[in-house]
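Here is a short briefing on one protein chain. Look at the structure first, then work through the points below.

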Amino acid sequence: LSDWQQADSIGMGVDLGGRDDLAALSACAKFLINDSEESDPIYRYEIRTFQYIAEDTRRDLKAAPFSQWVDEGILTVTKFPLRALSEKVKSFCSEYYVQDVAYDPYNGQLFAEQIEGEGIVIASMAQNYSHFNEPISELLQCLADGRLRHDGNPLLRWCASNASLTTDHQERVMYSKRESADKIDPLVAATMAFRRAMVALPRITGELVII
């Protein structure tokens with residue numbers, strides 16, 4: 001990946017999951033490709049994901065592929081996934097001057113209160129067609145154009161393989177797990193982060209610029 005300190009903007013998204021789900025945090029950096037006043041700006045994006053799961057999950061973490069992800073440090077097993085995820089959000093926002101974090105208000109009120117208490121802006125993004133149609137469509141276009149890359153996370157690849165798309169009566173798209181019983185949480189978090197990076201203003205880096 002590129003040097004994210006040089007990114008035009010960075011967005012973050014979280015999918016907190018449930019007791020036996022993955023809790024996922026994703027960050028997405030946006031980089032300007034063209035710099036012409038004669039055309040609309042074109043951006044490329046880079047994605048990183050971090051995954052957590054509870055120690056007392058009913059899922060067998062000694063079975064593949066989860067055992068390999070745990071051994072490689074890709075999946076963090078912890079007694080308190082929400083606490084670990086929240087601490088990662090705080091440290092990441094501080095390091096990269098992230099503007100805001102998207103979350104699903106369905107089960108994220110406690111998380112939102114904790115993060116807002118740190119002075120981080122929280123953006124509500126319910127998991128429905130209305131909120132996900134545009135970022136999914138743009139993400140797919142970036143993939144087709146070669147303007148999207150990620151950190152090589154095999155768990156994210158696995159989640160993407162578990163997801164399919166469903167369409168409502170307005171031709172809007174949303175993720176579906178109807179063809180797989182496995183998890184897609186990191187993919188959802190990545191899409192939320194992608195959305196926040198799409199709409200974010202250029203970051204305030206704290207660097208002094210002398211004119």
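At what angle do the axes of helix α2 and helix α3 cross, and within what distance do they come? They cross at roughly 35° and come within 11 Å. Keep in mind that this is a predicted model.

**The chain as a whole**

- The chain has six helices and nine strands.
- Its radius of gyration is 17 Å, close to the 17 Å that the globule rule gives for 211 residues, so the chain is as compact as a globular protein of that length.
- Along the principal axes, the C-alpha atoms fill a box of roughly 60 × 40 × 30 Å.

**Helix α2 against helix α3**

- Two packed helices are described by the distance between their axes and the angle between them.
- Here, α2 covers residues 81-96 and α3 covers residues 109-116.
- The crossing of α2 past α3 is right-handed.
- On the α2 side, the contact is made by Leu82, Leu85, Ser86, Val89 and Lys90.
- On the α3 side, Leu110, Phe111, Gln114 and Ile115 make the contact.
- By class, the residues of this α2 and α3 contact are six nonpolar, two polar and one charged.

**The largest pocket**

- The largest pocket has a volume of about 290 Å³.
- Its lining holds 17 residues. Leu139, Leu143, Leu148, Ala160 and Leu187 lie nearest the centre.
- Which element gives the most to this lining? Helix α4 does, with four residues.
- Five elements each supply at least two lining residues: α4 (129-145), β7 (148-150), α5 (154-162), β8 (164-167) and α6 (185-199).
- The lining of the largest pocket divides into 13 nonpolar, two polar and two charged residues.

**The second largest pocket**

- The second largest pocket holds about 250 Å³ of space.
- It is lined by 16 residues. Nearest its centre lie Asp15, Gln127, Lys177, Asp185 and Val188.
- Strand β9 (173-176) and helix α6 each supply at least two residues of this lining.
- The lining of the second largest pocket has six nonpolar, four polar and six charged residues.

**The cavity**

- How many cavities of 30 Å³ or more are there? The count comes to one.
- The volume of the largest cavity is about 30 Å³.
- Val14, Asp15, Leu16, Tyr103, Asp104, Asn107 and Gly108 line the largest cavity.
- Three of these lining residues are nonpolar, two are polar and two are charged.

Technical notes
Residues numbered from 1 in each chain as written. Predicted model: local features only at pLDDT ≥ 70, side-chain atom pairs only at ≥ 80, totals over all residues. Heavy atoms only, no water. 1 Å grid on protein atoms, 1.4 Å probe; cavity = no way out; pocket = protein on both sides within 12 Å on 5 of 7 lines; lining within 4 Å. Points joined across faces, edges and corners; volume = space filled by probe spheres on them. Nonpolar A, V, L, I, M, F, W, Y, C, P; charged D, E, K, R; others polar. Axes fitted to C-alpha atoms, helices over the stretch in contact; angles between N-to-C directions. Left-handed = near helix turned anticlockwise from the far one by under 90°. Contact = heavy atoms within 4.5 Å. Rg over C-alpha atoms; globule rule 2.2 N^0.38 Å.
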